[in-house]
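Keep the viewer open as you read.

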Amino acid sequence: MTEPLLALEAVGKRFGAVVALTGATLAVRPGTVHAVLGENGAGKTTLMRIAYGMLRPDAGQVRVAGVPRPLATPADAIAAGLGMVQQHFALVPAMTVAENISLGGRGPFRRRQAADQVRALGDATGLRLDPGAVTGDLPVGAQQRVEILKALARDARILILDEPTAVLAPAEAVELLSWLRAFVRATPASGAHAVVLVTHRLTEALEFADDITVLRHGAAAMTGAAGGVTADALARAMLGEGLSPPADGEAVPPSARRVGEVVIEARNLQVADDRGVTRLRDATFSVAGGEIVGVAGVEGAGQRELLRVVAGRMRPRAGALRAPHDVGFVPDDRHRDALLLDAPLTDNLALRGSGARRGRMRWRNLARDVSQLIASYDVRAEGPEVPARTLSGGNQQKFVLAREMAASPAALVAENPTRGLDIRATAAVHARLRAARDAGAAVLVYSSDLDEVLMLADRILVLHAGEMRETAPQREAAGRAMVGAAPSGAG
């Protein structure tokens, strides 16, 4: 039997009273892509951080190529041939792409050589970036690419990727996953390669992985070859026998829905980014109460600026915009734009509407409200006073959604609202968005997953290079518009 290239054996980890892992195991064969699935809070990220030396286990051990490795720091893991791309980026925003990728290397920094390395990695992976671009100015998807290239620059034989496709457009995701398949098939003189792919997307795991492990309640609930399981079997392993995600159907059938008055209206809207570059040109559109308008576009097409100007986070350069004062906003990067990570959940709830609030803070009421949101939105947290940082990524996202949606705003803007969520939580978010629509809210939603946009939206706005056009809610029509192609059948 082939020795696993990476093995985690009977790993246990506890954070105070919270048991994150209990006897978790993972065996990654050389030359394979191994997908790791599980609900939010199942222990996936904790297990990967132990493998990469970011956390020390309370029990168990890590083996690399059969050799026990006490990986006390990420430097130990890198020396052992591991690289990790985290879901939340470990980048220095003020540095350039080339500087971030070179950070932590040895010897003097040589700008030209670093830039050449970025270009070479981009050519090899298809994840091309401007080496001189300031990382903090890049959209989330591009920052994700910096993290991927940063791991590859260290000659890792074992790549651990935590939700790497969460912010990529469908074509970009397929390109990356196809590259990962090529990466594990290559066997250079340094030895065999392997990939650990943490994902919530069942179809992604079944299509691109060789082996799959499902974690539930901190332990392996299923492991085996991807070719021998179905999506239904994976869902049952993730959720437990007899459990299923909430129904993701229509809360109100289309024939019974009534679209109300226009709530958001834009005429010839023009928006520039922080560097003064025009990202949105002459956009004219409206969103009425009682409808979900989906936004589609490849990364950097102008959707970030569109959503933020509607949410009141940016000012338009030209044109006219009418939107209500109470716009709920769920941003793409919850760590940067939505949460105070070291503050308790009560403080984070107080951020909602803080710019307009007057008078005394009623902390007891806020604590009560947080407790209600935790229960209503299935946020896995010990209580209202725990810091936001202690929640898993998926539960942080659920808390942000709860905060923005619980106030029943007249308009709701959501950017990748299910990023990092498991299938149960994703279905629940979809149901919440539809419920907000059916209650009369105007909902504007962007997702890097075109299928999610098509599933949710009553109408679709597609952005390409800053230009907007409305398309039929069909995959082919929206896909052609995303890449700037003329509608099918056009002369």
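## Where α13 meets α14

In this predicted model, Lys398, Leu401 and Met405 of α13 touch Ala425, Val429, Arg432, Leu433 and Ala436 of α14. Sorted by class, that contact holds 6 nonpolar and 2 charged residues, with no polar ones.

How are the two helices oriented where they pack? Their angle is about 10°, and the axes lie 12 Å apart. Because angles under 35 degrees count as roughly parallel, α13 is roughly parallel to α14.

## The helix α14 itself

Helix α14 covers residues 423-438, which is 16 residues. Just past the helix, Gly440 adopts a positive phi of about 105°.

Which residues of α14 are buried? They are Arg424, Ala425, Thr426, Ala427, Val429, His430, Leu433, Arg434, Ala436 and Arg437. Their packing partners are the helices α8 (231-239), α13 (393-406) and α15 (450-456), along with the strands β13 (291-296), β16 (411-415) and β17 (442-446).

## On to α8

One of those partners, α8, has its own buried set: Ala233, Leu234, Ala235, Ala237, Met238 and Leu239. These buried residues pack against α14 and α7 (202-208), and against the strands β3 (33-38), β9 (211-216) and β10 (219-225).

Take a look just after α8 as well: Gly240 there has a positive phi of about 100°.

Definitions and conventions. Residues numbered from 1 in each chain as written. Predicted model: local features only at pLDDT ≥ 70, side-chain atom pairs only at ≥ 80, totals over all residues. Heavy atoms only, no water. Helix = DSSP H or I, 4+ residues; strand = E, 2+ residues; numbered from the N terminus. Expected span 1.5 Å × (residues − 1). Buried < 20%, exposed > 50% of the residue type's maximum accessible area, 1.4 Å probe, protein only. Contact = heavy atoms within 4.5 Å. Axes fitted to C-alpha atoms, helices over the stretch in contact; angles between N-to-C directions. Parallel < 35°, antiparallel > 145°, perpendicular 65-115°, else oblique. Nonpolar A, V, L, I, M, F, W, Y, C, P; charged D, E, K, R; others polar.
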